[in-house]
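Subject: the model, and what turned up in it

Hi,

Here is the structure I promised to pass on.

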Amino acid sequence: MTRQADVVVIGGGQAGLAAGYHLRRLGLDFIILDAQAEAGGAWQHAWDSLHLFSPAAYSSLPGRPMPVQLGEVYPDAGHVVGYLTEYERRYDLPVRRPVRVTGVHQDGEFLRVETDMGVWRARAVISATGTWWRPFLPAVPGRADFSGRQLHTVEYRSPRDFAGQRVIVVGGGNSGAQIAADLAYDTDLTWATQRPPRFLADDIDGRALFDTATARRRALEEDRTDTGGVASLGDIVAVPPVRAARDAGRLKAAPMFVRLDRDGVVWADGTRAPADAIIWCTGFRPALSHLAPLQLRGRRGHIATTGTRAVDEQRLHLLGYGDWTGPASATLIGVGRPARDAAREVAGMLRA
Ligand code: FAD
């Protein structure tokens, strides 16, 4: 059976919901298709101790401020899931789940959205499928030889699973630092990073990062000198558990090893560290395989966009994957603006 909607939003995480909020306000006919069984997008799958790097007031979607979590300055992932669940209900957003989109195809004046639950025809598509679903692992020699356990950030849950073990955490970003901090007390931890970890000043959290990104966007929009992006400030937000482990001297980073063998990892000078488990906190790539039939991917796997609109398929918008789809669009507070712009552009196109 083929169904029809003017706009199909693919993905019902925060980015898809923010798009839905604006599409609803503009009075458009739309549907949101989400592969998860429950509301909350990737936040449902976070490790147990994950907290946001910004306070609730700096983590809100359009329309509805995130409530404060009792006793926490930085809300935990469960609080975000609760917020997104309530957000969806409050704005009566038409989310169908679980529905997995398998391919988007050009079909004359429509885009044909194929799913595991049938086909939708749409006049416009907003893709908001995130990155959590495409973990990235670097090609380190010997990776297949290691006889211990290997997992990515997406599979990590709790230090309980590694108590007393020799664990190597790889990656100098926020996930690597937070998971290393989590494991710093009850395991024999090695934290390997490509370059020495760069902690942001202790008083800088997501608020300051967002303010910096906003100042930069304004400067660029007004043709003023580039004020510099957040990358110039550092890589790691010193959230309380990271700060505590670092200050206790438990978060010392080793340089990146050059290969793995059966028993563990080996550095360039031949030093070895035997290990029971290696946790790769090495990032993500945008989950875009459903767009492959459109053949739009260019350099670095990204699809060229102007704002959120795909340059080579004007009926397609991308939302939430990273700065290339709008400044800070892969954050809770940052996705509102590109979502609004995408919805307005879609409305303009449909009403033209
Ligand atoms: P997702 O939450 O991944 O939602 C996408 C949805 O699309 C999912 O429900 C998925 O199942 C669905 N989907 C995927 N493919 C398909 C398909 N083919 N068909 C149908 N549905 C599909 N941001 C902040 O603002 N503050 C923070 O403190 C913060 N901390 C972070 C910590 C970590 C470890 C990570 C990884 C990210 C963090 N982020 C943070 C960034 C960002 O807010 C999250 O990654 C967020 O989940 C992105 O939301 P999203 O809606 O773009 O994607």
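This is a predicted model: local features need pLDDT of at least 70, side-chain atom pairs count only at pLDDT 80 or more; totals for chains, interfaces and linings use all residues.

Below is what came out of going through it.

Residues are numbered from 1 along each chain as its sequence is written, and side-chain values use heavy atoms, with hydrogens and water left out.

**The cores**

Let's start with the largest nonpolar core, which has 34 residues. By nonpolar core I mean a set of buried Ala, Val, Leu, Ile, Met, Phe, Trp, Tyr and Cys residues joined through side-chain atoms within 4.5 Å. Buried is under 20% relative accessible area, exposed is over 50%, and partly exposed is in between (1.4 Å probe, protein chains only). The members that touch the most others are Val 7, Leu 23, Leu 61, Tyr 87, Leu 93, Ile 126 and Leu 319. Two or more residues each come from strand S1 (2–10), helix H1 (14–25), strand S2 (30–33), helix H2 (77–90), strand S6 (118–127) and helix H6 (336–351). Those labels are DSSP runs numbered from the N terminus (helices are H or I, at least four residues; strands are E, at least two). There is also a second, separate core of 27 residues, with Trp 47, Phe 162, Ala 177 and Ile 204 among them. As background, nonpolar side chains in soluble globular proteins tend to be buried together.

Leaving out residues up to four places away in sequence, Val 7 touches Leu 23, Leu 28, Asp 29, Phe 30, Ile 31, Ala 124, Ile 126, Val 346 and Leu 350. Contact here means heavy atoms within 4.5 Å.

Leu 61 sits in the loop between S2 and H2, and it counts as buried because its relative accessibility is 3%. Beyond its neighbours within four places in sequence, Leu 61 contacts Gln 14, Ala 18, Tyr 83, Leu 84, Tyr 87, Leu 332 and Val 335.

**Two helix pairs**

How do H1 and H6 cross? Their axes come within 8 Å and cross at roughly 45°. (Axes are lines fitted to C-alpha atoms, for helices over the stretch in contact, and angles run from 0 to 180 degrees between N-to-C directions.) H1 and H6 are therefore oblique to each other; under 35 degrees would count as roughly parallel, over 145 as roughly antiparallel, 65 to 115 as roughly perpendicular, and the rest is oblique. The crossing is right-handed, a term used if the near helix is turned clockwise from the far one by less than a right angle, with anticlockwise being left-handed. Ala 18, Ala 19, His 22 and Leu 23 of H1 meet Gly 336, Ala 339, Arg 340 and Ala 343 of H6. That contact splits into five nonpolar residues, two polar and one charged. (Ala, Val, Leu, Ile, Met, Phe, Trp, Tyr, Cys and Pro count as nonpolar, Asp, Glu, Lys and Arg as charged, and the others, Gly among them, as polar.)

The other pair is helix H3 (residues 174–183) with helix H5 (residues 240–247), packed at about 60° with axes 9 Å apart. That makes H3 oblique to H5, and this crossing is left-handed. Ala 177, Gln 178 and Ala 181 in H3 meet Pro 241, Val 242 and Ala 245 in H5, giving five nonpolar residues, one polar and no charged.

H3 is mostly covered, with eight of its 10 residues buried. Those buried residues pack against S8, strand S9 (188–193), H5 and S14.

**Loops worth a click**

Thr 153 is in the loop between strand S7 (149–152) and strand S8 (166–170). Its relative accessibility is 1%, so Thr 153 counts as buried. Not counting residues up to four places away in sequence, Thr 153 touches Trp 47, Trp 132, Ser 175, Ile 179, Trp 280, Cys 281, Thr 282 and Phe 284.

Arg 97 and Pro 98 are joined by a cis peptide bond, with omega about -10°. Pro 98 is in the loop between strand S3 (95–96) and strand S4 (101–107).

Asp 92 is not a glycine, yet it has a positive phi of about 50°. Asp 92 lies in the loop between H2 and S3 and, at 57% relative accessibility, counts as exposed.

Cheers
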